[in-house]
Amino acid sequence: MPTLRTTSPGWICAFACACGSLLFSPPSVATNDYGLPSLGAASTSVSNEEYRLGRAWLRQFRAQAPQWQDPITNDYLQSLIARLAPHSDINGLRTITVMVDNASLNAFAVPGGVVGINSGLFAFAEDEGAFVSVLAHELGHLSQRHYARGSARAAQTQLPAMAAMLAGMLIAASGGGDAGMAAAMGSQAALIQDQLSYSRLFEQEADNIGLQAMADAGYDPEAMVRMFSAMQRMARLQGDTPPEFLLTHPVTDNRLSAAQARAAQLNVADAYTSDTLYDMMRARALLSIYTNTPQQAASRLAQEGAEQAAQDYLAALIDARNGQTDSALGQLDRLANEHPDFAMLPASAASVALEAGRYDQAIQRSQQLLRFMPNYLPAQLVLAEAQLQRDPQAAYDLLRDITSQNPENPQGFNLLAEAAGRSGHDSWGHLARAEHLQLTGRVDRGIRQLSIARDAAERENNQQALARIEQRREEFIEYREALEDFS
């Protein structure tokens with residue numbers, strides 16, 4: 001495996017780059033107890049059916065793909081997208097991120113503004129610029145609505161083809177490999193020749209949007225050129241049997257030259273870099289990948305020239321895993337003092353305390369951080385989980401706020417269900433369990449859970465809960481209809 005610090009071994013725009021993407025405006029969020037959007041709500045720029053398919057895909061993906069549950073890294077990923085978004089022509093699109101527990105190189109964007117990455121992308125992209133170039137390219141596809149444009153001349157088959165294509169993407173992104181790609185490509189048999197001439201244009205458009213966005217956001221656009229060069233070298237090394245992602249995302253000499261020429265013309269505004277913070281996120285990813293052999297993560301991070309602070313951070317995480325909690329907390333506190341702008345460091349310490357069963361410390365540490373960053377989700381989740389052991393009612397109140405602000409977060413609803421059960425809010429607890437089930441693609445089970453919630457609400461004579469449960473039942477049935485397109 002190549003380990004060049006300045007040239008990452010390649011990246012994948014995955015299937016969205018081969019098939020294109022749709023731009024969606026964010027759904028209108030109804031005012032209710034959880035602030036949940038309806039799958040059918042979409043702007044007039046796209047059809048409700050397209051939006052429903054994209055969101056149904058996300059739920060099926062959660063049901064089938066191994067999720068990388070890491071709120072700290074996910075918050076960082078969202079922060080990068082938020083930095084790029086104003087410069088990516090996505091016109092207020094509210095993106096949703098998903099992370100896959102898979103060491104292979106992958107990234108994707110699908111309808112509804114879903115942007116996903118594998119943990120392996122962190123492993124292969126050895127600096128922040130390289131990683132950002134992947135996200136910038138994906139946002140470029142979203143901004144140009146490439147799938148919708150490419151399918152425009154096949155209106156009669158667009159939605160069935162899209163459903164089948166997304167089903168194939170789901171299989172492949174979940175680890176199905178060639179079978180998934182075959183399904184995706186087979187679904188487009190009637191469209192592929194028509195779109196072939198467009199795909200090269202779409203890739204160039206996404207490159208140009210991404211390069212400009214990087215420069216405007218303060219990142220060196222040459223990082224994307226380095227990624228293209230690495231991809232091209234990998235393709236040549238693999239000969240006639242390149243990896244699947246290189247088949248779906250070829251880099252020609254012309255494309256590389258065009259990107260290089262474009263990058264050379266751009267001026268970087270307000271130069272920005274945070275390789276120390278990125279290296280810490282890489283440490284988390286490598287520890288997830290090498291979960292059974294954490295020293296391999298440490299060795300790789302050191303060999304690839306990571307900042308010493310990141311190496312110390314990884315050492316602290318390994319100490320925590322080995323039960324050396326005091327040593328881990330001491331190192332994390334020292335790093336937090338040296339890097340006071342990195343909220344993930346005190347959040348990591350609070351999480352270490354929580355995992356060690358030091359609930360009072362976890363509460364104190366997370367509350368201290370939240371005084372400075374009230375809506376920092378990683379700290380909120382640690383606080384809520386620790387409060388479950390000390391004050392379930394406080395946890396319930398906090399998790400109601402968390403799920404209202406983050407209606408697409410399955411972890412929040414999972415914790416809310418537990419907190420509600422422990423604090424005597426049975427009907428709301430069953431409803432929260434139903435929400436968790438539908439968010440993770442198990443809508444039929446969610447509907448059955450709503451029946452249990454209704455029975456509990458009737459026993460409690462809770463009219464507000466009954467009204468909400470009935471509303472959600474109708475919406476869950478709509479969700480199920482959308483999911484049937486992937487059957």
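Trainee: What does the side chain of E304 make a polar contact with?
Mentor: The side chain of R300, at 2.8 Å. Keep in mind that this is a predicted model.

Trainee: Where does E304 lie?
Mentor: In the loop between α14 (294-303) and α15 (308-321).

Trainee: Buried or exposed? I mean E304.
Mentor: Buried. Its relative accessibility is 2%, and the cut-off for buried is under 20%.

Trainee: Switching to the sheet. What is the strand order?
Mentor: β1-β3-β2. It is an open sheet of 3 strands, and the pairing is mixed.

Trainee: Which strands stand at the edges?
Mentor: β1 (96-100) and β2 (107-110). Each has a single partner strand, so one side of each lacks a neighbour in the sheet.

Trainee: How are neighbouring strands turned against each other?
Mentor: By 20° on average, with direction ignored.

Trainee: And in what sense do β2 and β3 pair?
Mentor: Antiparallel, over 4 bridges; β3 covers residues 114-118. Within that pair, F108 stands opposite G116 of β3.

Trainee: Which strands does helix α3 touch?
Mentor: β1 and β3. Helix α3 (residues 71-84) packs on the sheet, and its direction makes about 135° with that of β1. Helix α5 (residues 128-144) also packs on the sheet, but touches β2 and β3. The direction of α5 makes about 20° with that of β2.

Trainee: Back to α3. At what angle do α3 and α13 pack?
Mentor: About 140°, with the axes 10 Å apart. Helix α13 spans residues 275-289.

Trainee: Why call α3 and α13 oblique?
Mentor: Because roughly antiparallel needs an angle over 145 degrees, and theirs is about 140°. So α3 and α13 count as oblique to each other. Their crossing is left-handed.

Trainee: Which residues meet there, between α3 and α13?
Mentor: From α3, I72, T73 and Y76. From α13, L277, Y278, M281 and R284.

Trainee: New topic, backbone. What is the phi of D89?
Mentor: Positive, about 60°, although D89 is not a glycine. D89 sits in the loop between α3 and β1. D89 is partly exposed, with a relative accessible area of 44%.

Trainee: And N461, where is that found?
Mentor: In the loop between α23 (443-460) and α24 (463-483). N461 has a positive phi too, about 55°, and is not a glycine.

Trainee: Is N461 buried or exposed?
Mentor: Exposed. N461 has 55% relative accessibility, and exposed means over 50%.

Methods: Residues are numbered from 1 along each chain as its sequence is written. This is a predicted model: local features need pLDDT of at least 70, side-chain atom pairs count only at pLDDT 80 or more; totals for chains, interfaces and linings use all residues. Side-chain values use heavy atoms; hydrogens and water are left out. Two strands pair if DSSP finds at least two bridges between them. Helices (H or I, at least four residues) and strands (E, at least two) are DSSP runs, numbered from the N terminus. Axes are lines fitted to C-alpha atoms, for helices over the stretch in contact, and angles run from 0 to 180 degrees between N-to-C directions. Contact means heavy atoms within 4.5 Å. Buried means under 20% relative accessible area, exposed over 50%, partly exposed in between (1.4 Å probe, protein chains only). A polar contact is a pair of N or O atoms within 3.5 Å; within protein, one must be able to donate a hydrogen and the other to accept it, and residues adjacent in sequence count only if both atoms are side-chain atoms. Angles under 35 degrees count as roughly parallel, over 145 as roughly antiparallel, 65 to 115 as roughly perpendicular and the rest as oblique. A crossing is left-handed if the near helix is turned anticlockwise from the far one by less than a right angle, and right-handed if clockwise.
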